[in-house]
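Here are a few exercises to work through with the model open in your viewer. Try each task before you read its solution.

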Amino acid sequence: EVEMKIFYIYHSGFAVETENYKLVFDYYMEPKRNSGNFRIDDFIKNDKKLLVFSSHGHGDHFNSEILKWKEKNSKVEYVLSDDIKAEVKKYFVKEGDTLSIDGLEIKVFGSSDLGVSYFVKCDGKRFFHSGDLNWWAWPDDTPKEEEDMRDLYMSKMEKIVENIEKVDYLFYPVDPRLEENSFLGVEDFIKRVEVKNIIPMHMWDKYKIAEELEKRVNINVIRIVKNCEKIFEI
């Protein structure tokens with residue numbers, strides 16, 4: 001087994017290190033205090049190929065600060081949803097795109113909100129970062145809104161199910177604001193795609209919800225620890 005590390009940064013932001021690559025997903029901020037041993041500035045330094053993904057332009061998923069990382073690591077490549085306005089040469093992506101960058105394979109899927117979700121294969125590992133793809137069933141939705149959201153979510157999932165058989169690490173929103181519907185999306189996803197590990201995200205500092213998820217699913221739930229702790233190494 002190749003050593004691999006996954007660091008939780010904040011909200012839906014993660015840093016992943018495999019044998020040959022470093023990946024950063026949906027970075028928008030790093031908490032100032034109690035941030036464990038993780039520092040984004042150290043992580044992005046020039047040693048491995050660095051890919052920085054942003055699923056969409058919402059302020060809790062994208063920060064233009066990431067565009068300055070080029071100064072610290074000349075090998076950085078950005079993979080950004082095409083709703084993001086940024087002065088970067090490449091790659092702007094939309095649902096349905098596939099990319100191969102230095103041996104790393106990326107398939108771009110849709111979202112039930114703004115932007116995209118990402119399936120990334122590298123060094124024998126398969127990651128799926130959902131961005132804001134989720135079954136957003138709000139407690140105060142009208143029946144029509146409920147139906148529209150379900151249909152939108154299902155149409156995005158159809159493409160995923162057609163194209164992906166297995167995911168080793170699924171980063172997926174488990175948003176406590178949805179109340180009893182917080183787990184609808186993740187439970188549907190794991191019924192239809194073979195998933196080894198779930199890494200819950202988009203929890204708005206309500207980390208307890210991960211424990212509830214653990215009770216509901218019989219898939220390994222990697223509990224993220226708030227404030228940039230390394231969540232595990234393999």
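On a 1 Å grid over the protein atoms alone, a pocket is an open set of points where a 1.4 Å probe fits, with protein on both sides within 12 Å along at least five of seven lines; its lining residues have an atom within 4 Å of a point. Before you start: this is a predicted model, where local features need pLDDT of at least 70, side-chain atom pairs count only at pLDDT 80 or more, and totals for chains, interfaces and linings use all residues. Numbering runs from 1 along each chain as its sequence is written, and side-chain values use heavy atoms, with hydrogens and water left out.

**Exercise 1.** Describe the largest pocket and its lining.

Step 1: get the lining. There are 13 residues, and Tyr-27, Ile-40, Asp-41, Glu-65 and Trp-69 lie nearest the centre.

Step 2: get the volume, i.e. the space filled by probe spheres set on the points, which are joined across faces, edges and corners. That comes to about 180 Å³.

Step 3: sort by class. Ala, Val, Leu, Ile, Met, Phe, Trp, Tyr, Cys and Pro count as nonpolar, Asp, Glu, Lys and Arg as charged, and the others, Gly among them, as polar. The lining splits into 5 nonpolar, 1 polar and 7 charged residues.

**Exercise 2.** Find the largest nonpolar core.

Step 1: set the rules. A core is a set of buried Ala, Val, Leu, Ile, Met, Phe, Trp, Tyr and Cys residues joined through side-chain atoms within 4.5 Å. Buried means under 20% relative accessible area, exposed over 50%, partly exposed in between (1.4 Å probe, protein chains only).

Step 2: apply them. The largest core has 57 residues, and Leu-23, Ile-106, Tyr-118, Phe-127, Phe-128 and Phe-189 have the most contacts inside it.

Step 3: look for a second one. Another core of 20 residues lies apart from it, with Ile-40, Ile-44, Ile-66 and Val-88 among them.

**Exercise 3.** Is Lys-156 buried or exposed, and which residues does it touch?

Step 1: Lys-156 has 15% relative accessibility, so it counts as buried.

Step 2: list contacts (heavy atoms within 4.5 Å). Leaving out residues up to four places away in sequence, Lys-156 touches Glu-95, Gly-110, Ser-111, Ser-112 and Leu-133.

Step 3: check a C-alpha distance. Lys-156 and Ser-117 are 39 residues apart along the chain, with their C-alpha atoms separated by 9.8 Å.
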